[in-house]
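Open the model in your viewer and keep the selection tool at hand. The tour goes from one selection to the next.

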Amino acid sequence: MRRTAVLGAGLSCGVVAVGCAAAMVTSQGTSRSSISACSGPRWHVKTLSDPLAGRVSDNPRQSSIGALRQLRTPRRLTARTPRRRGPERTTYRVNARLVEMELEKDGDVILVAVDPKTKDKLAVEFPASGCMRRASAKHRSLMKSARAALIAACGKPSSTGNEIGGSTTITGVGFFEPGDGVPPEGQNRFELHPVVGFRANCVLGAAPSE
């Protein structure tokens, strides 16, 4: 079974399979309790709700998962580190293969993608809707539309994980994860978090791409 969803490129709402509306809270698997969970390490940075979010580039830079996995991890990265220069103020676009997705306890959806050439994996995340409330209207719209496009393409994520396959183009802002919450795909602590654009031909229940 194959589904397709599209979100316009760049930091502006484009043609989305389900539109740019934000009325997808319950269908996206976001619980009301996720609002109180918006207090993890650097969560303002993760949701473009921090004072420096306006300095994030609006023009996506084409890259690859292999290249992003080579980025140097910043020193002195703590739960309160503000948005850093360079990767965290850059919007990246990557072409990849889908592997799996999972609904996390805080309401975020984590998606694992793989580089078709290098086989490197990268974690990208779609924030819980309740944690976007302090972001600008533009950023809220993009984050919610990207998450809606994921649901339209690949279905509702499960807390136990969903194996998926197919090709994808992901647009997201660079982020370095502090502390112990780094997924195995983030050896240099780098993620795309949040995702602000998502386009995929998703194959449901497919075996992970290796």
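Start by selecting Phe-176 and Phe-190: both are buried, meaning under 20% relative accessible area with a 1.4 Å probe and protein chains only, against over 50% for exposed and partly exposed in between. This is a predicted model, where local features need pLDDT of at least 70, side-chain atom pairs count only at pLDDT 80 or more, and totals for chains, interfaces and linings use all residues. Residues are numbered from 1 along each chain as its sequence is written, and side-chain values use heavy atoms, with hydrogens and water left out.

Tyr-92, Phe-176 and Phe-190 make up one aromatic cluster. The structure has 3 aromatic pairs. Rings of Phe, Tyr and Trp (its six-membered ring) pair if their centres lie within 6.5 Å; planes under 30 degrees apart are stacked, over 60 edge-to-face, and the rest tilted.

Next, select Phe-126 and Phe-198. Their pair is edge-to-face, at 5.7 Å centre to centre and 75 degrees between the planes. Phe-126 sits in strand 5 (residues 121–126) and Phe-198 in strand 7 (residues 190–204), so the pair ties together parts 72 residues apart in sequence. Phe-126 and Phe-198 are both buried.

Go back to Phe-176 and Phe-190. Their ring centres are 5.2 Å apart and their planes at 65 degrees, so this pair is edge-to-face. Phe-176 belongs to strand 6 (residues 162–176) and Phe-190 to strand 7, so the pair ties together parts 14 residues apart in sequence.

Switch to the loop between strand 1 (2–5) and helix 1 (43–46), and pick Ser-39 there. Is Ser-39 buried or exposed? Ser-39 is exposed, with a relative accessible area of 56%. Show Cys-131 too: the C-alpha atoms of Ser-39 and Cys-131 are separated by 8.9 Å, though the residues are 92 apart along the chain.

Finally, zoom out and colour by secondary structure. How many helices and strands does the chain have? The chain has 3 helices and 7 strands. Helices (H or I, at least four residues) and strands (E, at least two) are DSSP runs, numbered from the N terminus. From that end, the elements run β-α-β-α-β-β-β-α-β-β. Of the 210 residues, 52% count as buried. Among contacts (heavy atoms within 4.5 Å) between residues at least 6 apart in sequence, 77% join residues at least 24 apart.
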